[in-house]
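I opened this entry to record what I looked up in the model, contact by contact. The notes follow the order in which I worked.

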Amino acid sequence: MDIALILIALLFMFLGLAGSVLPVLPGPLTSWIGLLMVHLTDVIPMNIPFLTVTLVIAILIWFLDYFIPAIGTKYFGGSRSGIIGTTLGLIIGLIAPIPGGIIIGPFMGALLGELYHKTNTKIAFKAALGSFIGFLTSTFIKFFVALIYLGLFVRLLI
């Protein structure tokens with residue numbers, strides 16, 4: 001039974017890595033499920049503080065994933081309208097059945113929000129670029145945390 005749990009945990013670890021770059025799965029949370037499954041085996045003793053800290057980090061990353069593009073918009077000179085546009089674009093991008101909606105949505109939302117705010121095109125494009133850089137930053141953070149969780153997984157098994 002332990003071998004089956006470890007293999008399923010390994011599957012969750014790889015799904016977590018994939019989920020870091022694909023919007024379908026929450027990467028670090030999926031990887032955390034893999035860590036939890038390893039701790040459910042008889043091979044690795046249950047370590048509640050370890051599981052709690054890694055869960056809190058995974059939830060924090062999942063939560064921040066929705067705000068980092070808006071922070072990027074603000075950092076690159078976006079107004080409140082651009083930030084609202086980024087957030088609405090992110091939600092629409094998640095729901096819309098278009099390829100790349102998670103990338104296009106926040107970018108277009110920031111651009112349209114800034115243009116609605118009557119900013120010139122150059123400033124609007126800069127704010128939209130900030131949204132895109134925020135998205136890339138968020139993806140990098142998720143992938144890095146999922147990679148660390150994979151390293152912890154391997155370390156637990158050695």
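Predicted model: local features only at pLDDT ≥ 70, side-chain atom pairs only at ≥ 80, totals over all residues.

**Entry 1. Contact of H1 with H7.** From H1, I listed Ile6, Ala9, Leu10, Met13, Phe14, Gly16, Leu17, Gly19, Ser20 and Val21. Their partners in H7 are Thr139, Lys142, Phe143, Ala146, Leu147, Tyr149, Leu150, Phe153 and Leu157.

I then looked up the geometry of the pair. H1 covers residues 2-21 and H7 covers residues 121-157. The two helices pack at an angle of about 165°, and their axes are 7 Å apart. An angle over 145 degrees counts as roughly antiparallel, and H1 and H7 are therefore roughly antiparallel to each other. I noted the crossing of H1 past H7 as left-handed.

**Entry 2. Contact of H3 with H7.** Next I took helix H3, residues 48-64, against H7. Here the packing angle is about 160° and the axes lie 10 Å apart. H3 and H7 are therefore also roughly antiparallel to each other. H3 passes H7 in a left-handed crossing.

On the H3 side I recorded Phe50, Thr54, Ile57, Ala58 and Ile61. On the H7 side I recorded Ile141, Lys142, Val145, Tyr149, Leu152 and Leu156. By class, the contact of H3 with H7 holds nine nonpolar residues, one polar and one charged.

**Entry 3. Nonpolar cores.** Which residues have the most contacts inside the largest nonpolar core? I found Tyr149 and Phe153, in a core of 20 residues. H1, helix H2 (27-39), H3 and H7 each give two or more residues to this core. I also noted another core, apart from this one, with five residues, among them Phe107, Ala110, Leu111 and Ala124.

Tyr149 touches Met13, Pro28, Ser31, Trp32, Leu35, Thr54, Ile57 and Ala58. In soluble globular proteins, nonpolar side chains tend to be buried together.

**Entry 4. Ser79.** Is Ser79 buried or exposed? I read a relative accessible area of 15% for Ser79; under 20% counts as buried, so Ser79 is buried. Ser79 is found in the loop between helix H4 (68-75) and helix H5 (80-95). Setting aside neighbours within four places in sequence, I found Ser79 in contact with Glu114 and His117.

**Entry 5. Ile133.** I placed Ile133 in helix H7. Its relative accessible area is 33%, so Ile133 is partly exposed. I also checked Ile133 against Ile3: the two are 130 residues apart in sequence, and their C-alpha atoms are 41 Å apart in space.

**Entry 6. The whole chain.** The protein has seven helices and zero strands, and the pattern along the sequence reads α-α-α-α-α-α-α. The C-alpha trace spans about 60 × 30 × 20 Å along its principal axes. Of the 158 residues in the protein, 41% are buried. Among contacts with a separation of 6 or more, I found that 63% join residues 24 or more positions apart.

Definitions and conventions: Residues numbered from 1 in each chain as written. Heavy atoms only, no water. Axes fitted to C-alpha atoms, helices over the stretch in contact; angles between N-to-C directions. Helix = DSSP H or I, 4+ residues; strand = E, 2+ residues; numbered from the N terminus. Parallel < 35°, antiparallel > 145°, perpendicular 65-115°, else oblique. Left-handed = near helix turned anticlockwise from the far one by under 90°. Contact = heavy atoms within 4.5 Å. Buried < 20%, exposed > 50% of the residue type's maximum accessible area, 1.4 Å probe, protein only. Nonpolar A, V, L, I, M, F, W, Y, C, P; charged D, E, K, R; others polar. Core = buried A, V, L, I, M, F, W, Y, C linked by side-chain atoms within 4.5 Å.
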